[in-house]
Amino acid sequence: MRELIAVETRLNADGELLPQSFYWSGRRVRVFNHGRRWERDGQLHFLVQDDRQGTYELAFDPSGACWSLLRSPRDFGGRGPQGRI
């Protein structure tokens, strides 16, 4: 999956970009936990969790200033945004 999404962010105390929420499947998904962060192929990748402990992989492409959703809870063996498997 690679779906362009809108993401709200902030910078942490070290000046690193942190996703706070994003829009997917017609709803705003709030980020409650930040997991791993890494760089690959010029993009920043983030593992984040929502309030239902659903895991998502987001990627930021600085050259195009755009965000993509790469994996959703379904890809991690969890539930989708409306609670369906």
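Trainee: As I understand the terms, helices (H or I, at least four residues) and strands (E, at least two) are DSSP runs, numbered from the N terminus. Where is the place of Thr-55, then?

Mentor: Thr-55 is found in strand S6, which covers residues 55–61. Keep in mind that this is a predicted model, in which local features need pLDDT of at least 70 and side-chain atom pairs count only at pLDDT 80 or more, while totals for chains, interfaces and linings use all residues. Residues are numbered from 1 along each chain as its sequence is written, and side-chain values use heavy atoms, with hydrogens and water left out.

Trainee: Okay, and is Thr-55 buried or exposed?

Mentor: Its relative accessible area is 18%, so Thr-55 is buried; the word means under 20%, with exposed being over 50% and partly exposed lying in between (1.4 Å probe, protein chains only).

Trainee: What is Thr-55 in contact with?

Mentor: Contact means heavy atoms within 4.5 Å, and once neighbours within four places in sequence are left aside, the partners of Thr-55 are Leu-47, Val-48, Gln-49, Arg-71, Ser-72, Pro-73 and Phe-76. With Gln-49 there is also a polar contact between the two side chains, at 3.4 Å; that term needs N or O atoms within 3.5 Å, where within protein one must be able to donate a hydrogen and the other to accept it, and residues adjacent in sequence count only if both atoms are side-chain atoms. As for Phe-76, its C-alpha atom is 6.9 Å from that of Thr-55, although 21 residues separate the two along the chain.

Trainee: Stepping back, what order do the strands of the sheet have?

Mentor: The open sheet has 7 strands in the order S3-S2-S1-S7-S6-S5-S4, and the pairing is antiparallel. Two strands pair if DSSP finds at least two bridges between them. At the edges are strand S3 (27–30) and strand S4 (33–40), each of which pairs on one side only. From one strand to the next the twist averages 35°, with axes fitted as lines to C-alpha atoms (for helices over the stretch in contact) and angles running from 0 to 180 degrees between N-to-C directions.

Trainee: How many bridges join S4 to S5?

Mentor: There are 6 bridges between S4 and strand S5 (residues 43–49), which run antiparallel, and within this pairing Arg-40 has Gln-43 of S5 as its bridge partner. The hairpin of S4 and S5 has 2 residues between the strands, and Asp-41 takes a positive phi near 55° there.

Trainee: And what about S5 with S6, how many bridges?

Mentor: S5 and S6 are also antiparallel, again over 6 bridges, and Leu-44 has Phe-60 in S6 as its bridge partner. Their hairpin has 5 residues between the strands, and Gln-53 shows a positive phi near 65°.

Trainee: How many residues of S5 are buried?

Mentor: S5 is mostly covered, with 6 of its 7 residues buried. Gln-43 counts as buried because its relative accessibility is 13%, and its contacts, not counting residues up to four places away in sequence, are Arg-2, Trp-38, Ala-59, Phe-60, Asp-61 and Pro-62. Asn-33, by contrast, lies in S4 and counts as partly exposed at 40% relative accessibility.

Trainee: New topic: how many aromatic pairs does a search of the whole structure find?

Mentor: The search finds 4 aromatic pairs. Rings of Phe, Tyr and Trp (its six-membered ring) pair if their centres lie within 6.5 Å, and planes under 30 degrees apart count as stacked, over 60 as edge-to-face and the rest as tilted.

Trainee: Why is the pair of Trp-24 and Tyr-56 called edge-to-face?

Mentor: The planes of Trp-24 and Tyr-56 stand at 80°, with the ring centres 5.9 Å apart, so the pair is edge-to-face. It links distant parts of the chain, since Trp-24 is in strand S2 (residues 17–24) and Tyr-56 in S6, 32 residues apart. Trp-24 is buried at 6% relative accessibility, and Tyr-56 is buried at 0%.

Trainee: And which kind of pair do Phe-46 and Trp-67 form?

Mentor: Phe-46 and Trp-67 form a tilted pair, 5.5 Å centre to centre with 40° between the planes. Phe-46 belongs to S5 and Trp-67 to strand S7 (residues 66–71), 21 residues apart. Phe-46 counts as buried at 2% relative accessibility, as does Trp-67 at 8%.
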